[in-house]
Every structure is written in structure tokens, then in C-alpha cells.
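Trainee: I have a new model on screen. Can you show me how to read its strands and helices?

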Amino acid sequence: MREPAFWHRPSSWISQLLRPLAALYGAVAARRMQRAGIDAGIPVLCVGNYHVGGAGKTPTVLALAKLLRELDERPVVLSRGYGGRLAGPVKVDSDSHTAADVGDEPLMMAASLPVVVSRDRAAGLALARAQNASVILMDDGFQNPSVAKDCCLIVADGTRGIGNGRVIPAGPLRAPLPPQLERTDALIVVGEGRAAQDIAAEIASRGKPVLSAHLTPDAASLAALRGTRALAFAGIGDPARFFNSLRSSGVDVVRSRAFADHHAFTKDEIDQLVADARDNGLTLVTTEKDFARLRGTDAAKTIVPFAVTLQFADVGALRRLVADQLFKARDRRLRK
């Protein structure tokens, strides 16, 4: 879906009009979050956000997976597989599955670590554990109570924050903020903006860590775009962030086209992008997530995927946080 513009305005008559529906939705979501989930038997680290749309969850999952491996853990990702047709549980095979099967983000992550897709997350636990997992990394699912979480790390965009701070459909929040704050074990603010500073201050006042991070372009992606003029396109939660990231990395973005998050590109749309780039001497560039939905097509040969990694300002603080949460999770289970 494409987020309504009024979600990111301080006040709007549309938002005011939708407040009764938002109150009903929020009450149901808050009550649902109180339900007890199934114990996976091993530590579960959940990476989520307070609102719909993108904030950097997938790069955070990949960064955590790398750290966990450095700690001699065996992380397996458990994902709902948004946008995929397979209900699961199924282990993602990056060679045989497509984004239409399992979703774009799981397919992208499966290139570097085991990923299990299951619309019923609780049903996916057994298959995730069967991959010799010592830790389960939940990609999203913070508001879903079906699986008990040992640690919830919330990702916030420093530029966008939480929009107008209201619950769907009056705003972008998936549930009222208070119960979400109560279940937050750490906040990760991505980017240099100040839109998330109030949330960060609230989390810090509760004695929970606030970590800063930024997205760093992959050297190979930059090399492929050096000296070219680009036509950038993206179907993610915040396409503007992607376009700005390209420009700040020195890429000459001549044209850009934004699509809704998880947009299923039609052949006509891609053909038009390819023709536009060819006729104007431009290089087509998109996100890794969008590229995953185009893998195997003829057009993919002409598109440069722009890879990024999440870099933490204080890696030591992240390492201490994760190690401490893993210790507490295992200690709790031993004491039962």
C-alpha cells in the first residue's frame, strides 16, 4: 500500500474524522498484544517497528544475524512472507523460489542465511528450529502475540519518526503507542534526522538502550554506478529515502519513480522503465528488495541493485545488548 500523506502531517481533518475507527482498531490491537505466545524453546529476538511501512527492519535483521554468528550462534529468520503465495511453513530456497512464492524480503535474506516463511508464525517454529537454530530472528511480528519474544528491538526512521502518532487508519501506528513502548527492549534509530527524538527520549527514560545506526552503500554497487546518470525506481515503504540515499552517495539521479510498498511490477511498467532509461542514456537502479521481485526476468540484466548494510555507531553496545538478552532468555528457561 501507499501511505496517505496525512499520516505524516501534524494535524488533518481526515485524521480527525477517522479517530473513532482508529480508537476501535487500537483497542483490539492493544488487547491482542496482551495474549501469551508459544515458547519457542530457544531465544527469540524480534525486529519490528511501531508503524506500517519501511523503517529499515530487513537491514537490521541482516546486521543482527552477522553479529549473532560472530557470537557463535546459529540464527534462523522466521518471517510471515508478506506478498508471497505460499502459506508455509517452508524454508526459502533462493535458487528455486521467487518473490511471488515467499515474498521479496525473505528471498533477499535467504541468500545469506536460513529463512523460514510461515503465515502462522507459531506453526513455523518447528521448521525454524529444525534448521539447527540456536536463535530465532523474527522479521516483523512485534504486534503479533502468537510467539513469545525474549527481546524486541524496534527500528525507527530518524527522518520520518512515527508520523502523526495516531493509530490506523487515522495514522500509521499498528497499535496504541503505550503498550508498544512497554514491550520495547531497545530502540534502533536509523539515520540522522530528529523525528524520532521524542520516542528515543521516552525509551531512554525507561532505562532501555537507544542505538544509532545508518545505512552504508555497498562498494560494488557504487562502483557499478560510478560515472553514470541514473533512473531510480523503488516500491518500498519510503522511496524518497532510497532516492536521497543514492544522491548522498554521489549517484547522479536524473529521474525517479516511486511505487507502493511491495509493488508487483507489471511487464508494461518494467518495459516502460527500460525504454525510458535507454532513450535517455540512463542506468536503471533499484533497491535489493525490489530487485528480488525482478529476478529471472530479462529486464533484471539491465538493472543495478543498490545494496546497503546497516552500520551501528556503537557496535560494542549492540553486542553487549544481544549477549545479555541471550543470557537472560536461556537463564529464564533453565529456571522453569
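Trainee: Which residue of β13 is the bridge partner of Pro217?

Mentor: First, a caution: this is a predicted model. Now the general idea. Strands of a sheet pair through backbone hydrogen bonds, either parallel or antiparallel. Here, Pro217 has Val308 of β13 as its bridge partner. Strands β8 (residues 210-217) and β13 run antiparallel, joined by five bridges.

Trainee: What is the strand order of the open sheet of nine strands?

Mentor: Read it as β3-β4-β2-β5-β1-β6-β7-β8-β13, with mixed pairing. Each edge strand, β3 (90-91) and β13 (308-312), has a single partner, so one side of each lacks a neighbour in the sheet. Helix α13 (residues 315-335) packs on this sheet. The helix touches β1 (44-48), β5, β6 (151-157), β7 (186-190), β8 and β13. Its direction makes about 120° with that of β8.

Trainee: How many residues of β7 are buried?

Mentor: Five of the five, so β7 is largely enclosed by the rest of the structure. Now think about faces. In a regular strand the side chains alternate between the two faces of the sheet. In β7, Ala186, Ile188 and Val190 are buried on one side. Leu187 and Val189 are buried on the other. Take the pairing next: β6 and β7 are parallel over five bridges. Within that pair, Ala156 has Val189 of β7 as its bridge partner.

Trainee: Is Ser79 buried or exposed?

Mentor: Compare its accessibility with the cut-off: buried means under 20% relative accessible area. Ser79 has 5%, so it counts as buried. This serine lies in strand β2. Leaving aside neighbours within four places in sequence, Ser79 contacts Pro106, Val116, Val117, Ser118 and Asp139.

Trainee: Now helices. Which residues of α6 are buried?

Mentor: In α6 (residues 121-130), they are Arg121, Ala122, Gly124, Leu125 and Ala128. They lie on the same side of α6, because they cover an arc of only 140° around the axis. The cover over them includes β2 (75-79), β4 (115-117) and β5 (135-139). On the face turned away from the buried side, Ala126 and Ala130 are exposed.

Trainee: Which residue caps the N-terminal end of α6?

Mentor: Asp120 does. One of its side-chain oxygens lies 3.2 Å from the backbone nitrogen of Ala122. After the helix comes Asn132, with a positive phi near 65°.

Trainee: How many residues does α2 have, and what distance does it reach?

Mentor: Helix α2 (residues 19-33) has 15 residues and reaches 20 Å from first C-alpha to last. That is close to the 21 Å expected at 1.5 Å a residue. Its buried residues are Ala22, Gly26, Ala29, Ala30 and Met33. Their arc is only 100° around the axis, which puts them on the same side of α2. They pack against α7 (177-182). Pro20, Leu24 and Arg31 are exposed on the face turned away.

Trainee: What is the order of the open sheet of four strands?

Mentor: The order is β10-β9-β11-β12, and the pairing is parallel. At the edges, β10 (252-258) and β12 (303-306) each pair on one side only. Neighbouring strands are turned by 30° against each other on average, direction ignored. Inside the sheet, β9 (residues 229-234) and β11 (residues 283-287) share three bridges. There, Leu231 has Leu284 of β11 as its bridge partner. Helix α11 (residues 267-279) lies across β9, β10 and β11, running at about 165° to β9.

Note on methods. Residues numbered from 1 in each chain as written. Predicted model: local features only at pLDDT ≥ 70, side-chain atom pairs only at ≥ 80, totals over all residues. Heavy atoms only, no water. Buried < 20%, exposed > 50% of the residue type's maximum accessible area, 1.4 Å probe, protein only. Helix = DSSP H or I, 4+ residues; strand = E, 2+ residues; numbered from the N terminus. Arc of directions from axis to C-beta. Contact = heavy atoms within 4.5 Å. Polar contact = N/O pair within 3.5 Å; in protein donor to acceptor, adjacent residues only side chain to side chain. Pairing = 2+ DSSP bridges. Axes fitted to C-alpha atoms, helices over the stretch in contact; angles between N-to-C directions. Expected span 1.5 Å × (residues − 1).
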